[in-house]
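Here are my notes on the model, in the order I went through it. Have the viewer open while you read.

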Amino acid sequence: PKMATTPLGFNIDAPRWDQSTFMGRLKHFFNITDPRTVLVSEKELDQAKALVEGCRAGLVPPGSSQEQLFYAKKLYDSAFHPDSGEKMNLIGRMSFQVPGGMALTGCMLQFYRTVPAVVFWQWMNQSFNAIVNYTNRNAASPISLRQIGVAYITATSTALATAVALNLYTKRAPPLLARWVPFVAVAAANCANIPMMRQQEIINGVTVTDGDNNELGCSRRAAVKGIGQVVVSRITMAAPGMIILPIIMERLEKIPFMQRIRVLHGPLQVLLSGGFLLFMVPAACALFPQRCSFALADLEPELRDSIVAKHGDKVPYVYFNKGL
C-alpha cells in the first residue's frame, strides 16, 4: 500500500499531556487504562501496532488524521509492553484492572465472615496481582520462574496470614472493623508481592540516564525508590473502595429494603468497587511520574563518583523508568 510521510514535527511517542504535573499524568493514565480497550480485537491491536511502528519510521497511510494516530497509540500503550513491544496477556494489562479488580474487591468485601471464604478470595486476588506484577515488570531486569514462584508464595502467605489472623482477632470487635480486614491484608500483601516480584531490580539495580536519555549506569537505590512508589500507588488504588465501601454497606444493610434483597449485596459491592476503581486506577498510577528522578547526591558513592568524573557537575539528577 502507498505510504505518506508523517506530519512535520509530529512525534507519536511524545506524551500528549504534560507528565510533570499530576493532572497531565491523570489524563494520560485515564487514556491508557480505559477498560473499553479490553474489548478491542487482536486484529485491531496488531493494526494499531503496525501504524505506531510505521509512524516511528516516518511513514503512515495517506489520509491518516492525528486523531487516528493518537487512537492507535492509545491501543498500543494499553496492550503492548513499553520495554519489549510484546503483546501483554489480557489479565495483566492495566486496562483490565477495573473489570478484574472490581470482581475481586467486591467478593473480598462481601465474603469476609468465614475463614474458608477469606482464604479463597485472598488467594484469588494474589494470583491476579502476581500476573499483573509479572506482566508490568521492567523487561530489562529478567526474573526466573523460581523467583516468580517464591514471590507468589510469599505474597499469598502474607495476605492469608494477615487476613485469617485479623479475621479471628476481630470476632469480638465492632462489625465495621471486620469489614476492613480485606484491605489490611491486601496492603500487607502488596508490600511483599511487588518487591519480591521485582527483586532483580533491587539486587542488580535499574539503568539510570541523564536528561537526554544517555545511560550512566545501574543503581540499586533508584530501584528501591521506584518500587517503593509503586507499592504506595497500588495501596492507594485499593484504599478508597476498600475503606469507604464497607462504611456504605454497613449503613445500607440496616435499611429494611436492603435486608430483603441480601442476594444482591454481592453484585452491588462489585458494581460500587468498579465505580471507585474507574477513577482510582488512573489516579494511583498518576501519583508519581513514570520517569522517576533521583538526586545525584543520593546515589551509591561509586556510581556518583563515576558520573562526576565523566560529566562534572552537569548531571544534578538521574532518571529511570519506575514501572507500574
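1. A238 sits in helix α10; helices here are DSSP runs of H or I with at least four residues, strands are runs of E with at least two, and both are numbered from the N terminus. A238 is buried, at 15% relative accessible area (buried means under 20%, exposed over 50%, partly exposed in between, with a 1.4 Å probe and protein chains only). Skipping its neighbours within four places in sequence, A238 is in contact with F183 and V186, where contact means heavy atoms within 4.5 Å. Between A238 and L39 the C-alpha to C-alpha distance is 24 Å, with 199 residues separating them in sequence.

2. Before going further, some ground rules: this is a predicted model, where local features need pLDDT of at least 70, side-chain atom pairs count only at pLDDT 80 or more, and totals for chains, interfaces and linings use all residues. Residues are numbered from 1 along each chain as its sequence is written, and side-chain values use heavy atoms, with hydrogens and water left out.

3. The overall picture: the protein chain has 13 helices and six strands, and its C-alpha trace spans about 65 × 55 × 35 Å along the principal axes. Of its 324 residues, 48% count as buried. Take the contacts with a separation of 6 or more, and 76% of them come from residues 24 or more positions apart. The chain exposes about 16,100 Å², and carbon and sulfur atoms supply 64% of that; accessible areas come from the Shrake-Rupley method with a 1.4 Å probe, and for residues only the protein chains shown count as cover.

4. How do α5 and α8 pack? Helix α5 (residues 115-135) and helix α8 (residues 181-197) meet at an angle of about 35°, and their axes are 11 Å apart. The axes are lines fitted to C-alpha atoms, for helices over the stretch in contact, with angles running from 0 to 180 degrees between N-to-C directions.

5. Now the salt bridges: the structure holds 13 of them, each a side-chain nitrogen of Lys or Arg within 4 Å of a carboxyl oxygen of Asp or Glu. R56 and D13 pair up through their side chains at 2.9 Å, N to O. R56 belongs to helix α2 (residues 42-56) and D13 to the loop between β1 (4-5) and α1, so this bridge ties together parts 43 residues apart in sequence. R56 is partly exposed at 41%, and D13 is partly exposed at 38%. Both residues also belong to a salt-bridge network that links D13, R56, K73 and D77.

6. R16 also forms a salt bridge, with E67, and their closest N and O atoms are 3.8 Å apart. R16 is in the loop between β1 and α1 while E67 is in helix α3 (residues 66-79), so parts 51 residues apart in sequence are tied together. R16 is partly exposed at 39% relative accessible area, whereas E67 is exposed at 52%.

7. Helix α7 (residues 175-179) holds R179, and the loop between α10 (220-252) and α11 (256-260) holds E253, so the pair ties together parts 74 residues apart in sequence.

8. Have a look at the backbone of N213: its phi is positive, about 70°, although N213 is not a glycine. N213 lies in the loop between β3 (206-209) and β4 (215-219) and is exposed, with a relative accessible area of 54%.

9. T209 is in strand β3 and counts as buried at 12% relative accessibility. Leaving out neighbours within four places in sequence, T209 is in contact with N214, E215, L216, R291, V318 and Y319.

10. Last, the surface: F22, M23, V232 and L287 form a nonpolar patch with about 330 Å² of accessible area together. M23 lies in helix α1 (residues 22-32) and is partly exposed at 49%. Patches are made of residues with over 30% relative accessible area and no salt bridge, with like charges joined within 9 Å and nonpolar side chains (Val, Leu, Ile, Met, Phe, Trp, Tyr) within 5 Å.
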